[in-house]
Amino acid sequence: MEKLQAALEKAREHRGTATPVPPNREKALGATRGNTRSEQSLSWENIPEVALDLQHLLDHRILTSEASTDESAGFDLLRTKIQLQMEKNGWKRLAITSPTKASGKTTVCANVAFALSRQKSKRTIVFEMDMRRPSMAKTYGLNPARSTADLLRGDVELEDQAFRIGPDVAVSCNPQSLVSPSDLFLDPRTTEQLKRIERRFAPDLMIFDLPPIYAGDDATAFFPNVDCVLLVAEAERCTIQQIDKSEREIAEHTNFLGVVLNKCRYPEEQESYGYSYT
């Protein structure tokens, strides 16, 4: 773990320190415009709440759906660090991606979402943006009739497409794949629809499960819509060069939040996941 962190620090020094991208003030203010708090609360309550199967979640490595345990401790710590860093910088939109496929980013995203769901009065919306290979519905055990793509086009409202998996966390996922998500992500209607969702529902945090960076142009096309990006790297498979290249790609468009080292067979003592956090 120390070697990974040292190598990343050396790569960052070599290319210089990126200037942080300030959060979009229009985005940050969007949740306070156009709707009263009572209207926002009513809109939120209209999102149907579903009861999920605990064993199904455990079978899909979702460890944070109940009270904090030894197995969920690493994700709880990750959730807390994410939340504190984003609050410090005034950020509300987080993307989670990976350099390569099968790194476990959707599992990490789900565990962070459930860890957040145990915090009261903190509204979070999770969006599945990995539309070529959607897996979130299967991971959560959901059966959506409409897609996140339909939502971003404005063809359906969030309360008619998403589910609440607890009082304060909503999930928008896809029942089928989409051929060219980057076209949708680059459409100005997507940006406007995300702003509209913020105004109507006033989430404290929006999380976007993106596809791997180098699986195509989808992740890069969506980066300008977020305040920061968390990178999930698979231990013993993802190289330092891939992580460094991914970090540089992210930094061209938005803020780089940190690296999660996933699927680590030799975790640090008393940790389920070892990770480098910046």
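User: Which backbone oxygen does the side chain of N255 reach, and at what distance?

Analyst: The side chain of N255 reaches the backbone oxygen of D227 at 2.8 Å. This is a polar contact, that is, a pair of N or O atoms within 3.5 Å; within protein, one must be able to donate a hydrogen and the other to accept it, and residues adjacent in sequence count only if both atoms are side-chain atoms. The model is predicted, so that local features need pLDDT of at least 70 and side-chain atom pairs count only at pLDDT 80 or more, while totals for chains, interfaces and linings use all residues. Residues are numbered from 1 along each chain as its sequence is written, and side-chain values use heavy atoms, with hydrogens and water left out.

User: Where does N255 lie, and is N255 buried or exposed?

Analyst: N255 belongs to strand 7, residues 255-262. Strands (E, at least two residues) and helices (H or I, at least four) are DSSP runs, numbered from the N terminus. With a relative accessible area of 5%, N255 is buried. Buried means under 20% relative accessible area, exposed over 50%, and partly exposed in between (1.4 Å probe, protein chains only).

User: What do these terms show for the chain as a whole?

Analyst: The chain has 12 helices and eight strands, and 53% of its 278 residues are buried. Among the contacts in the chain with a separation of 6 or more, 80% are between residues 24 or more positions apart.

User: Which residues does S98 contact beyond its sequence neighbours?

Analyst: S98 sits in the loop between strand 1 (93-97) and helix 6 (105-117), and S98 counts as buried at 1% relative accessibility. Apart from neighbours within four places in sequence, S98 is in contact with S103, K105, P212, I213, L231 and V232. A polar atom of the S98 side chain also lies 2.8 Å from the backbone oxygen of T100.

User: Which strands pair with strand 4, and in which directions?

Analyst: Two strands pair if DSSP finds at least two bridges between them. Strand 2 (residues 124-128) runs parallel to strand 4 and is joined to it by four bridges. Strand 3 (residues 163-166) runs antiparallel to strand 4, with three bridges. A170 of strand 4 is the bridge partner of I125 and also of R164. Strand 3 and strand 4 form a hairpin, with two residues between them.

User: At what angle do helix 5 and helix 6 pack?

Analyst: Axes are lines fitted to C-alpha atoms, for helices over the stretch in contact, and angles run from 0 to 180 degrees between N-to-C directions. Helix 5 (residues 73-89) and helix 6 pack at about 75 degrees, their axes 9 Å apart. Helix 5 is therefore roughly perpendicular to helix 6; angles of 65 to 115 degrees count as such, under 35 as roughly parallel, over 145 as roughly antiparallel and the rest as oblique. From helix 5, F75, D76, L78, R79, I82 and Q83 meet V108, N111, V112, A115 and L116 of helix 6. The residues of this contact comprise seven nonpolar, two polar and two charged. Here Ala, Val, Leu, Ile, Met, Phe, Trp, Tyr, Cys and Pro count as nonpolar, Asp, Glu, Lys and Arg as charged, and the others, Gly among them, as polar.

User: Where is R61, and what is its phi?

Analyst: R61 is in the loop between helix 4 (54-59) and helix 5. Although R61 is not a glycine, its phi is positive, at about 65 degrees. R61 is exposed, with a relative accessible area of 58%.

Conventions: Contact = heavy atoms within 4.5 Å.
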